[in-house]
Amino acid sequence: MTDVATKPRPGTSLRGFSAPILLVGALVVVPVAFGLLFNSWTAPDDEAYVRMAFATVAGATLAIATVVGLLVDRIIRRATASTIAIFAVIALVVVPYELNAISGAAELLVTRLNM
């Protein structure tokens with residue numbers, strides 16, 4: 001009787017974490033947690049506005065890094081063309097959306113600080 005080590009198919013996991021878990025965590029859970037953590041629960045002052053803007057930027061940056069990282073991981077691991085295409089479409093949707101969120105946070109910060 002031989003003991004055969006089973007490995008996941010190439011392109012199905014990233015160091016023990018599956019792609020759906022990474023996507024949900026980076027696109028939903030962490031940005032919402034940042035928003036709740038750095039929200040001003042009283043009347044906000046200038047420091048609170050800056051904290052909230054930086055939380056938005058940090059969440060968006062994490063989302064962009066995650067989708068691009070997963071796409072690069074799939075390409076390096078030589079996943080199937082359909083898998084690479086799916087992750088490319090996800091990246092093409094998420095990256096512009098998050099860049100727009102960063103721009104909106106900057107504009108809102110300038111507006112709130114009356115600059």
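User: How many salt bridges does the structure hold?
Analyst: Two. Keep in mind that this is a predicted model.

User: Which residue forms a salt bridge with R74?
Analyst: D73 does. The closest N and O atoms of that pair are 2.6 Å apart.

User: And which residue does R77 bridge to?
Analyst: R77 forms a salt bridge with D73. Here the closest N and O atoms are 3.0 Å apart.

User: Are D73 and R74 buried or exposed?
Analyst: Both D73 and R74 are buried.

User: Why does D73 count as buried?
Analyst: Because its relative accessibility is 11%, and the cut-off for buried is under 20%.

User: What about R77, how does that one count?
Analyst: R77 counts as partly exposed, because its relative accessibility is 31%.

User: Let's step back. What is the secondary structure of the chain?
Analyst: The chain has three helices and two strands. Read along the sequence, the pattern is β-β-α-α-α.

User: How much of the chain counts as buried?
Analyst: The chain has 115 residues, and 26% of them count as buried.

User: Now the helices. At what angle do α1 and α2 pack?
Analyst: At about 175°, with the axes 8 Å apart. Helix α1 covers residues 19–37 and helix α2 covers residues 46–76.

User: Roughly parallel or antiparallel, then?
Analyst: Roughly antiparallel, because the angle is about 175° and the cut-off for that label is over 145 degrees.

User: Which residues make the contact?
Analyst: From α1, they are A19, L22, L23, A26, L27, V30, P31 and F34. From α2, they are A55, A58, G59, L62, A63, T66, V67, L70 and R74.

User: How do those divide into nonpolar, polar and charged?
Analyst: The contact of α1 with α2 has 14 nonpolar residues, two polar and one charged.

User: How far is P31 from A63?
Analyst: They are 32 residues apart in sequence. In space, they are 8.2 Å apart, C-alpha to C-alpha.

User: How does P31 count for accessibility?
Analyst: Partly exposed, because its relative accessibility is 25%.

User: Switching to rings. How many aromatic pairs are there?
Analyst: The structure holds one. F34 and F38 form that pair, and it is tilted. The rings are 6.2 Å centre to centre, with 55° between the planes.

User: Why are those two figures quoted?
Analyst: Because a pair of aromatic rings is described by the distance of the centres and the angle of the planes.

User: And how accessible are F34 and F38?
Analyst: F34 counts as partly exposed, at 26% relative accessibility. F38 counts as partly exposed too, at 31%.

User: Where is R78 found?
Analyst: In the loop between α2 and α3, and α3 covers 81–112. R78 is exposed, with a relative accessible area of 75%.

User: Last topic, α3. Which residue is 54 away in sequence from E107?
Analyst: A53. In space, E107 and A53 are 9.6 Å apart, C-alpha to C-alpha. E107 lies in helix α3. At 52% relative accessibility, E107 counts as exposed.

User: And V68, where does that lie?
Analyst: In helix α2. V68 counts as partly exposed, at 37% relative accessibility. The C-alpha atoms of V68 and L92 are separated by 9.4 Å, and the two residues are 24 apart along the chain.

Key:
Residues numbered from 1 in each chain as written. Predicted model: local features only at pLDDT ≥ 70, side-chain atom pairs only at ≥ 80, totals over all residues. Heavy atoms only, no water. Phe/Tyr/Trp six-rings, centres within 6.5 Å; stacked < 30°, edge-to-face > 60°. Buried < 20%, exposed > 50% of the residue type's maximum accessible area, 1.4 Å probe, protein only. Axes fitted to C-alpha atoms, helices over the stretch in contact; angles between N-to-C directions. Helix = DSSP H or I, 4+ residues; strand = E, 2+ residues; numbered from the N terminus. Parallel < 35°, antiparallel > 145°, perpendicular 65-115°, else oblique. Contact = heavy atoms within 4.5 Å. Nonpolar A, V, L, I, M, F, W, Y, C, P; charged D, E, K, R; others polar. Salt bridge = Lys/Arg side-chain N within 4 Å of Asp/Glu carboxyl O.
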